[in-house]
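Subject: Structure handover

Hello,

Here is the structure for you to look through. Please open it first, then read my notes below.

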Amino acid sequence: MGKSISPIEFRHLRYFLAASEYGSFRKAAAALAIQESTISRRVRDLEDRIGVSLFHRHSGGVRLTEAGERYFRHAQRILRHVRDSSKAAATVGRSEEGRVRIGIYSSLASGFIPRLLRAYDRQHTKVQIELVDGNPAEHVAAINQLQLDVAFLTGTRGWPGCDAAQLWSERVIAVLPDSHVLAGKGELQWHELADEHFIVSEVAPGQEIHDYLVQRLADLGHHPEIQPHHVSRDNLLSLVALGRGLTLTSEAMTAAQFPGICYRPIAGEILPFNAVWSPNNDNPALRRLLSIAKSMARASPPIND
């Protein structure tokens with residue numbers, strides 16, 4: 001059985017190119033701060049492995065053979081590709097480039113999320129940010145499948161298989177027609193809403209609002225009347241303005257102004273918002289986003305203003 005040929009290593013190409021450029025093993029060794037014998041030995045190894053002489057050796061140094069000249073061009077391209085690939089990987093590793101996919105469950109009009117995105121974008125202008133709207137179950141499933149990097153969700157429950165950090169809180173807001181008898185009050189109590197008719201959207205976060213209403217009003221011995229509508233959140237507010245019912249929203253959503261409605265906070269109702277992500281996600285762009293988010297959370301008041 002014939003002797004197996006060892007693979008060509010990165011250093012073989014590096015030493016070959018240095019010798020080619022300097023025209024001397026001695027000068028190449030000095031430039032690379034290694035022994036001349038190391039250069040000579042590795043070039044000889046390379047010639048043995050490819051089965052061709054790459055240099056004419058003479059007393060003044062070395063000169064490429066015809067085969068060596070052709071190999072020189074290929075070796076240059078290989079090393080350039082390796083270096084470019086290393087730079088690209090390092091750039092992504094430092095979060096200078098890449099992509100982060102974010103599941104949202106709140107308004108981008110005001111509040112913590114838009115401030116976070118602006119701060120992140122200032123520091124990482126080449127990172128692509130993708131926003132995905134949806135409900136918590138969809139977001140958590142996508143996070144566990146690494147199809148989504150992070151989601152900002154409400155509540156205090158745990159999310160199976162995920163890490164979470166509470167970042168900010170918002171007041172819970174009742175949305176009323178501006179002609180409603182309660183519109184004249186600055187703040188509402190739950191017992192004042194117990195007999196009201198509520199409407200929610202069948203799309204996110206409609207189910208969350210439904211469950212929230214049922215839980216809060218059940219504590220008062222009431223079973224609320226809640227009608228779902230297959231409309232967007234914006235159209236739901238238009239239905240409120242038409243007197244079809246009341247609804248709830250979070251504080252950040254009040255930045256969206258619609259004719260015919262008013263926003264009134266519910267006394268003592270605070271909604272926590274969390275970043276939720278997979279511990280198995282090693283996306284450097286995600287880690288940097290979480291770092292900025294946590295820093296902002298430490299510097300911000302607990303209630304969104």
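Ala-33 sits in the loop between helix 2 and helix 3 (36-50). Helices (H or I, at least four residues) and strands (E, at least two) are DSSP runs, numbered from the N terminus. Ala-33 is exposed, with a relative accessible area of 69%. Buried means under 20% relative accessible area, exposed over 50%, and partly exposed in between (1.4 Å probe, protein chains only). Ala-33 is not a glycine, yet its phi is positive, at about 60°. Most residues other than glycine have a negative phi.

Leu-146 is another case: its phi is near 60°, a positive value in a residue other than glycine. Its place is the loop between helix 6 (136-144) and strand 5 (150-154). Leu-146 counts as partly exposed, at 38% relative accessibility.

A note on the source. This is a predicted model, where local features need pLDDT of at least 70, side-chain atom pairs count only at pLDDT 80 or more, and totals for chains, interfaces and linings use all residues. Residues are numbered from 1 along each chain as its sequence is written, and side-chain values use heavy atoms, with hydrogens and water left out.

Now the whole protein. Its secondary structure comes to ten helices and ten strands. Of its 305 residues, 45% count as buried. Contact means heavy atoms within 4.5 Å. Among contacts with a separation of 6 or more, 73% join residues 24 or more positions apart.

Next, the helix pairs. Two packed helices are described by the angle between their axes and the distance between the axes. Axes are lines fitted to C-alpha atoms, for helices over the stretch in contact, and angles run from 0 to 180 degrees between N-to-C directions.

Take helix 1 (residues 10-22) and helix 2 (residues 25-32). Their axes come within 8 Å and cross at roughly 120°. Helix 1 and helix 2 are therefore oblique to each other. Angles under 35 degrees count as roughly parallel, over 145 as roughly antiparallel, 65 to 115 as roughly perpendicular and the rest as oblique. The crossing of helix 1 and helix 2 is right-handed. A crossing is right-handed if the near helix is turned clockwise from the far one by less than a right angle, and left-handed if anticlockwise. Helix 1 brings Arg-14, Tyr-15, Ala-18, Ala-19 and Tyr-22 to the contact, and helix 2 brings Phe-25, Lys-27, Ala-28, Ala-31 and Leu-32.

Helix 5 (residues 112-123) and helix 10 (residues 284-299) form another pair. Their axes come within 10 Å and cross at roughly 125°. This crossing of helix 5 and helix 10 is right-handed too.

Which residues have the most contacts inside the largest nonpolar core? They are Leu-193 and Leu-248, in a core of 47 residues. A nonpolar core is a set of buried Ala, Val, Leu, Ile, Met, Phe, Trp, Tyr and Cys residues joined through side-chain atoms within 4.5 Å. Helix 10 gives the most to this core, with eight residues. A second, separate core has 20 residues, including Leu-17, Ala-28, Ala-29 and Ile-39.

Last, look at Leu-64 in strand 2 (residues 61-64). Leu-64 is buried, with a relative accessible area of 16%. Beyond its neighbours within four places in sequence, Leu-64 is in contact with several residues, among them Phe-16, Leu-54 and Phe-72. Ala-19 is 45 residues away along the chain, but its C-alpha atom is 9.3 Å from that of Leu-64.

Best wishes
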